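Please read them with the model open beside you.

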Amino acid sequence: MSAPAARFSDYSALTKPRLSMLSVVSSLAAYVAARHGFSWAEFAHVFIGTAACAGGVASLNQWMEAETDAVMARTHDRPIPSGKIPTGSAFVLGWLLVIGGLIDLFVAVNGWSALFALATVIAYLGCYTPSKKHTRWSTEIGAISGALPPLIGWSAAEGGVSTLGWVLFGILFFWQIPHFMAIAWMYRNDYVAVNFPMLPVIDETGAKVARWSVFNSVLMVAVSLVPPFLGLATWVYGALAAVLGVLFVALAVVFLKPDGRDKSARRLFLYTITYLPLVFAALVIDRLVFFPAT
């Protein structure tokens, strides 16, 4: 009996829309925060190009990891291991989206935005995805590719990347470590099943996982407070970033306690997905209100 025809929702799931949206939103936020004028047409192409690349990368990532996805309880029902989408279709769709997104950015925006998008694709598929099978540092490698999208948006507006663009990169880089440490701890049995040597797998007690989460949380907060010190944002943003950051670090510190570590990992994870849009929104609004476009 042949497999049922794939539905639109199956192809949508292949692009990991929620994860891809993180790349899109951070790219658009950087474009607006750059304050180098605003073009709705350019904004739209940044959205389309980044979304296409992000969705393509997600599709190709699932194509590359179909075998391990089939083993893990969290991912076994994804479109490829569940048989909803053939591997060949995922491969073709992934590359069509990536190539289309890169062309759109290069032609309709500028070369720098396309270059940073290409760097994201290479870092994610060429470095992060294969590293998951071989090194404890895969999360940190992945955080590099995950932090590149703001540079797509910033360079789209500015034709390059100045200090605040790299600050956004830094916030997103350090944010990803506690975010994914919490996820990996919650689903560590899945990663054990596929022999991914991630820190939450090799650190059975979770003590190192928690300490690493606290360390990177502190660095994230420190980077988030750079803009007001450099005159790139006001202390209105700085105060909100400080409050949000203190709550973030506090939850990471709770994660240090052995008792109830699973619950504290979940609380930390939930707060991470609240923190990032709030701190990015605060910076963008601050820049829009207090910094005239150049």
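1. Terms for accessibility. A residue is called buried if its relative accessible area is under 20%, exposed if the value is over 50%, and partly exposed in between, using a 1.4 Å probe and protein chains only. The model is a predicted one, so local features are given for pLDDT of at least 70 and side-chain atom pairs for pLDDT 80 or more, while totals for chains, interfaces and linings use all residues. Residues are numbered from 1 along each chain as its sequence is written, and side-chain values use heavy atoms, with hydrogens and water left out.

2. The term salt bridge stands for a side-chain nitrogen of Lys or Arg within 4 Å of a carboxyl oxygen of Asp or Glu. The structure holds five of these. In one of them, glutamate 65 meets lysine 132, with 3.0 Å from N to O. Glutamate 65 is in the loop between helix H3 (40-64) and helix H4 (66-71), and lysine 132 is in the loop between helix H6 (111-131) and helix H7 (138-147), so this pair ties together parts that are 67 residues apart in sequence. Both glutamate 65 and lysine 132 are buried. The helices named here are DSSP runs (H or I, at least four residues; strands are E, at least two), numbered from the N terminus.

3. Two further salt bridges. Arginine 7 and aspartate 10 are joined by their side chains at 3.8 Å, N to O. Are these two partners buried or exposed? Arginine 7 is exposed, with 53% relative accessible area, whereas aspartate 10 is buried at 7%. Glutamate 140 and arginine 136 also form a salt bridge, at 3.1 Å, N to O. Here glutamate 140 is buried, with 9% relative accessible area, and arginine 136 is buried, with 16%.

4. Aromatic pairs. A pair of aromatic rings is described by the distance of the centres and the angle of the planes. Rings of Phe, Tyr and Trp (its six-membered ring) count as a pair if their centres lie within 6.5 Å; the pair is stacked if the planes are under 30 degrees apart, edge-to-face if over 60, and tilted otherwise. The whole structure has 18 such pairs. Phenylalanine 38 and tryptophan 40 make an edge-to-face pair, with 4.8 Å centre to centre and 85 degrees between the planes. Phenylalanine 38 is partly exposed at 42%, and tryptophan 40 is exposed at 66%. Tyrosine 191 and phenylalanine 196, by contrast, are stacked, at 6.3 Å centre to centre with 25 degrees between the planes. Tyrosine 191 is buried at 8%, and phenylalanine 196 is buried at 1%. Please also mark one aromatic cluster, formed by Tyr31, Phe38, Trp40 and Phe43.

5. Charges over rings. A charge sits over a ring if NZ of Lys or CZ of Arg is within 6 Å of the ring centre and within 35 degrees of the ring normal. Arginine 188 has its charged end over the ring of tryptophan 185, 3.9 Å from the centre. Arginine 287 lies over the face of phenylalanine 291, at 4.9 Å from the ring centre.

6. Packing of H5 and H6. Two packed helices are described by the angle between their axes and the distance between the axes. Axes are lines fitted to C-alpha atoms, for helices over the stretch in contact, and the angles run from 0 to 180 degrees between N-to-C directions. How do helix H5 (residues 87-108) and H6 pack? Their axes are 7 Å apart, at an angle of about 155 degrees. H5 and H6 are therefore roughly antiparallel; that label is for angles over 145, with under 35 degrees roughly parallel, 65 to 115 roughly perpendicular and the rest oblique. H5 contributes Val98, Leu102, Leu105 and Phe106 to the contact, and H6 contributes Gly111, Ser113, Ala114, Ala117, Leu118 and Val121. Contact here means heavy atoms within 4.5 Å.

7. Positive phi. Most residues other than glycine have a negative phi. Arginine 35, not a glycine, has a positive phi of about 60 degrees. Arginine 35 is in the loop between helix H2 (17-33) and H3, and is buried at 15%. Asparagine 195 also has a positive phi of about 60 degrees. Asparagine 195 is in the loop between helix H10 (188-193) and helix H11 (199-202), and is exposed at 61%.
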